[in-house]
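Visitor: Could you walk me through how the helices pack here, and then through some of the charged pairs?
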Amino acid sequence: MEINAVNALTYEDFVKLFGNVVEKCPLIPAAIWSYRPFKDLADIEAHMREFIHGLPDSGKEGVLRCHPDLAGRDLQSGTLTRESQEEQSRAGMTTLDSAESLHMSSLNTEYKERFGFPFVICARLNSKADIVRQLSERLNNDRATERERAIEEVTKICSLRLRNIVLSDIQTKL
Ligand SMILES: NC(=O)NC1=NC(=O)NC1=O
């Protein structure tokens with residue numbers, strides 16, 4: 001999708017197209033629509049990143065709480081968003097055996113009890129083993145460090161989802 005086509009989108013169409021680039025947080029694209037015209041895809045990503053990093057700690061934790069657990073309840077009940085479903089299945093979360101599933105759920109519970117928000121990682125950039133290792137390692141962080149680390153992962157997920165939308169549209173156009 002050409003950047004000037006993105007810039008020409010109405011507010012409603014912009015939020016319809018980019019509404020879930022940050023999981024269940026349409027507020028973020030709704031807010032950065034005001035910064036159009038965007039120079040290019042990287043410019044949109046930069047505005048999204050700035051907005052997220054500019055949130056107060058409570059806002060950052062709110063964004064994290066909008067994320068479904070990896071291999072969690074939403075996956076089991078089939079209520080993940082399309083993007084999350086695709087990301088989680090590609091990271092092997094849909095083919096865990098019962099021991100792995102139990103291990104993930106106890107680590108997720110321990111993490112949530114410690115930090116008050118769910119463990120978030122960019123599943124598309126990590127294997128199943130990476131995810132378990134990161135979850136175990138990051139449990140040792142202090143809250144402030146872990147909040148920033150998790151938000152970094154949110155911005156990676158956002159960038160990949162943004163590219164998916166803008167670049168895949170180009171493919172259908174060609
Ligand atoms: N808790 C999570 O990290 N969830 C997710 N990461 C992704 O990349 N997709 C998800 O649903």
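Guide: Before the packing, a word on terms: axes are lines fitted to C-alpha atoms, for helices over the stretch in contact, and angles run from 0 to 180 degrees between N-to-C directions. Helices are DSSP runs (H or I, at least four residues), numbered from the N terminus. This is a predicted model, in which local features need pLDDT of at least 70 and side-chain atom pairs count only at pLDDT 80 or more, while totals for chains, interfaces and linings use all residues. Residues are numbered from 1 along each chain as its sequence is written, and side-chain values use heavy atoms, with hydrogens and water left out.

Visitor: OK, at what angle do α8 and α9 pack?
Guide: Helix α8 (residues 98-115) and helix α9 (residues 128-138) pack at about 30°, and their axes are 10 Å apart.

Visitor: And which residues meet there?
Guide: Taking contact as heavy atoms within 4.5 Å, E100, H103, M104, L107, N108, Y111 and F115 of α8 meet K128, I131, V132, L135, S136 and R138 of α9.

Visitor: Switching to α7, which of its residues are buried?
Guide: In helix α7 (residues 82-90) the buried residues are E83, S84, E87 and Q88, where buried means under 20% relative accessible area, exposed over 50% and partly exposed in between (1.4 Å probe, protein chains only). They cover an arc of only 115° around the axis, which puts them on the same side of α7; the arc is that of the directions from the helix axis to the C-beta atoms. The face turned away from that buried side carries the exposed residues R82 and R90.

Visitor: What does E83 pair with?
Guide: E83 forms a salt bridge with R82, their closest N and O atoms being 3.4 Å apart; the term stands for a side-chain nitrogen of Lys or Arg within 4 Å of a carboxyl oxygen of Asp or Glu. E83 is buried at 18% relative accessible area, whereas R82 is exposed at 61%.

Visitor: How many salt bridges in the whole structure?
Guide: A search of the whole structure finds 19, and D57, E61, R65, R143 and R147 are linked in a network of them.

Visitor: What about D69, which residue is its partner?
Guide: D69 forms a salt bridge with K112, with the closest N and O atoms 2.6 Å apart. D69 lies in the loop between α5 (57-65) and α6 (73-77) and K112 in helix α8, so the pair ties together parts that are 43 residues apart in sequence. D69 counts as buried at 17% relative accessibility, while K112 is partly exposed at 36%.

How values were computed:
Helices (H or I, at least four residues) and strands (E, at least two) are DSSP runs, numbered from the N terminus.
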